[in-house]
Amino acid sequence: MPPAPATTSAYPPGRLAFPHRHLTGIMGLQPHEILFLLDTAEEWIEPNRTRAAPDKRLAGLTQINAFFENSTRTLLSFEIAGKRLGADVVNMHAAQSSVKKGETLIDTAVTLNAMRADVIVIRHMSSGAVRLIADKVDCPVLNAGDGRHEHPTQALLDALTIRRRRGRVEGQRVVICGDILHSRVARSNMLALTALAAEVRVCAPSTLMPPEIEAFGVAAFTDFDAALEGADVVMMLRVQNERMSGGFIPSTREFHARYGLTLDRLARAKPDALVLHPGPMNRGVEIDSDVADHLTRSAITEQVEMGVAVRMACLDVLTRGARGVEGWA
């Protein structure tokens, strides 16, 4: 593994390094703001690995994880991140929410605001819901995934994984393959990776390719073998049946035959190409087990590790003003 890059001074100091009150998406972030979050996350990786003396900089702050859509790894990652920083973490699950009883999203936002949380993490099945709540509350809001819109911390952890394993993001040929149409992960990654000067290719059946894909500054392919030529990074996405209405693929068997990542197909990429997957994986559909579990090519478990560091960085940065950190008030 190449050494982690030194932090950069390419961004301004203090609040100007990340002037945003919320993190609702990658859209609107400048490259130096993305780099600032990645560099801040770098600082948490080694302490997490070595179980260093805890840094409780969020002690006394309340973090609400309001998940209106089911999740395991993202919720757990945010919970661990908050607790490692010393925050009082409260999880609100959709099944226990009054939204199930007909409460409007605005009513929920007003209720959350009345609880005087210091930071709120929101996952919602509707695109734009996180932004709506962020406009109604007095504390920072982090988007943990909203509909088909964005999943910014996933894109940040993917960029961090690429940078640590490949040495840099700039100039890397990244192929994102799978259900591009319904994927907020694909959208946030396209925004983040192109902002960091990666060459991004997306590949999917025509039925799973957004019509406006060229606007993201990426190259679109329907031939996976062609897309893989010379790739430095291959990111696989699952087919998101829960967001579909109607038939988008003939069968999972045919999808695997044309778009599944096998060892033979991976040979078209560079010999040291990195394999990523945001999870959960459908083994035998978009990725084979011998690829997902490959000892040197797969960085899927490392993505999970980077996720905790990235979320610690985001929680830290967004609460600095409220904590009176010098230069951030």
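A search of the whole structure finds 23 salt bridges (a side-chain nitrogen of Lys or Arg within 4 Å of a carboxyl oxygen of Asp or Glu). This is a predicted model, in which local features need pLDDT of at least 70 and side-chain atom pairs count only at pLDDT 80 or more, while totals for chains, interfaces and linings use all residues. Residues are numbered from 1 along each chain as its sequence is written, and side-chain values use heavy atoms, with hydrogens and water left out.

Reader: How many residues of H5 are buried?

Author: Buried means under 20% relative accessible area, exposed over 50%, and partly exposed in between, using a 1.4 Å probe and protein chains only. In H5, 14 of the 15 residues are buried, so the helix is largely enclosed by the rest of the structure. Ala 159 belongs to H5 and is buried at 1% relative accessible area.

Reader: Which residue meets Arg 164 in a salt bridge?

Author: Side chains of opposite charge can pair when their charged atoms come close. Here the partner of Arg 164 is Glu 42, at 2.6 Å from N to O. Arg 164 lies in H5 and Glu 42 in helix H1 (residues 31-50), so the pair ties together parts that are 122 residues apart in sequence. Both Arg 164 and Glu 42 are buried.

Reader: And where does Asp 272 lie?

Author: Asp 272 forms a salt bridge with Arg 166, with the closest N and O atoms 3.1 Å apart. Asp 272 sits in the loop between helix H9 (263-266) and E9, and Arg 166 in H5, so parts 106 residues apart in sequence are tied together. Asp 272 is partly exposed at 46%, whereas Arg 166 is buried at 19%.

Reader: Lastly, what order do the strands of the open sheet have?

Author: Strands of a sheet pair through backbone hydrogen bonds, either parallel or antiparallel. Two strands count as paired if DSSP finds at least two bridges between them. The five strands here run E7-E6-E5-E8-E9, with parallel pairing. The edge strands are E7 (219-221) and E9 (274-276), each pairing on one side only.

Note on methods: Helices (H or I, at least four residues) and strands (E, at least two) are DSSP runs, numbered from the N terminus.
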